[in-house]
Amino acid sequence: MVPAVAPRVEVGVDLATVAGRLARRVETLALESLERRGRFGLALSGGSTPEALFRSLAGDRSSGVDWTAVDFFWADERAVPPSDPRSNYGLAARTWLEPRAIPPIRVHRISGESDSLEAASGAYERDLQNYLGSGPESGGPALLDLAILGIGPDGHTASLFPDSPLLESSAWTGVERSPPLDPRVPRISLTPAALNRSRIVAFLAAGDEKRWAVARVLHPDAFGVRPPAARVRGLESTEWFVDRAAGGSPAGGTGAGRPSDG
Ligand code: 6PG
């Protein structure tokens, strides 16, 4: 088995700084992919952290990126309508997609508002298959060019929580009915089987409450714990953009312990 390439870690003084650095990295990858392959498939996450990133990307008119040529996907979505403040699509729409007038054909939304989350999950997987031109059964080329992920205090990413059966699923999407952390609404999530077919995976993390999780992902030998975020890596590279508070250190820093540690 080919050993995983060590993750690249960028530590900045605060969230605004690392979000800006990730924004410039996203722009570089988009320009390169659109020029070389004529496409750029990007998966976004939700929560509070990425807002600074989305606003930085929406506000930069000098990058030269034609965002209307980019295909936007999501790493996960909550079971709420787009108008709900908890919607991951809604966050991106308000802060980036609408300000830059991204055409609907480029927006591959997960239908969190669906009455059947299983049907919505299946429809999203078919959308991904149509985009790639093949399904999970094929080894095949990269599914996405870049997945932008966050990490929870418990080491979850997307809606892949510790001990979730989705972690072992061979499907590309799945339903998480009882997330152990807020917002405690059901979710539809990409699985590691899908995320690990991204050319590049970039994590954005900030705040002391993430230190425990970041340390255990970046220094697994020091802890022997392998949180869900440690199960996700890019085909070409895995990159971390973290502020000093979440920077992660073998000692696990002075950050809050894992929530379940009490
Ligand atoms: C979600 C996200 C989730 C998020 C982390 C961090 O739907 O909640 O995809 O994986 O990235 O929970 O969330 P914060 O940025 O709010 O800390």
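In what follows, Ala, Val, Leu, Ile, Met, Phe, Trp, Tyr, Cys and Pro count as nonpolar, Asp, Glu, Lys and Arg as charged, and the others, Gly among them, as polar. The model on screen is a predicted one.

Begin by selecting the lining of the largest pocket, which by that scheme has 8 nonpolar, 9 polar and 5 charged residues. These make up 22 lining residues, and G46, G47, S48, R78 and H156 are the ones that lie nearest the centre of the pocket.

Next, display the ligand together with the 15 residues around it, of which T49, D76, H156, A158 and K210 come nearest. This shell has 2 nonpolar, 9 polar and 4 charged residues.

Now zoom in on the oxygen atoms of the ligand. At S48, a backbone N or O atom lies 2.8 Å from a ligand oxygen, while at T49 an N or O atom of the side chain is 2.6 Å from an oxygen atom of the ligand. At D76, a polar side-chain atom is found 2.7 Å from a ligand oxygen. Of the 420 Å² that the ligand exposes when taken alone, the protein buries 88%.

Finally, move to the second largest pocket, which holds about 280 Å³ of space. Select P7, V217, P220, A230 and R233, which are the closest to its centre among the 16 residues that line this pocket. By class, the lining of the second largest pocket comprises 12 nonpolar, 1 polar and 3 charged residues.

Note on methods
Residues numbered from 1 in each chain as written. Predicted model: local features only at pLDDT ≥ 70, side-chain atom pairs only at ≥ 80, totals over all residues. Heavy atoms only, no water. Near = heavy atom within 4 Å. Polar contact = N/O pair within 3.5 Å; in protein donor to acceptor, adjacent residues only side chain to side chain. Areas by Shrake-Rupley, 256 points an atom, 1.4 Å probe, with all protein chains shown as cover. 1 Å grid on protein atoms, 1.4 Å probe; cavity = no way out; pocket = protein on both sides within 12 Å on 5 of 7 lines; lining within 4 Å. Points joined across faces, edges and corners; volume = space filled by probe spheres on them.
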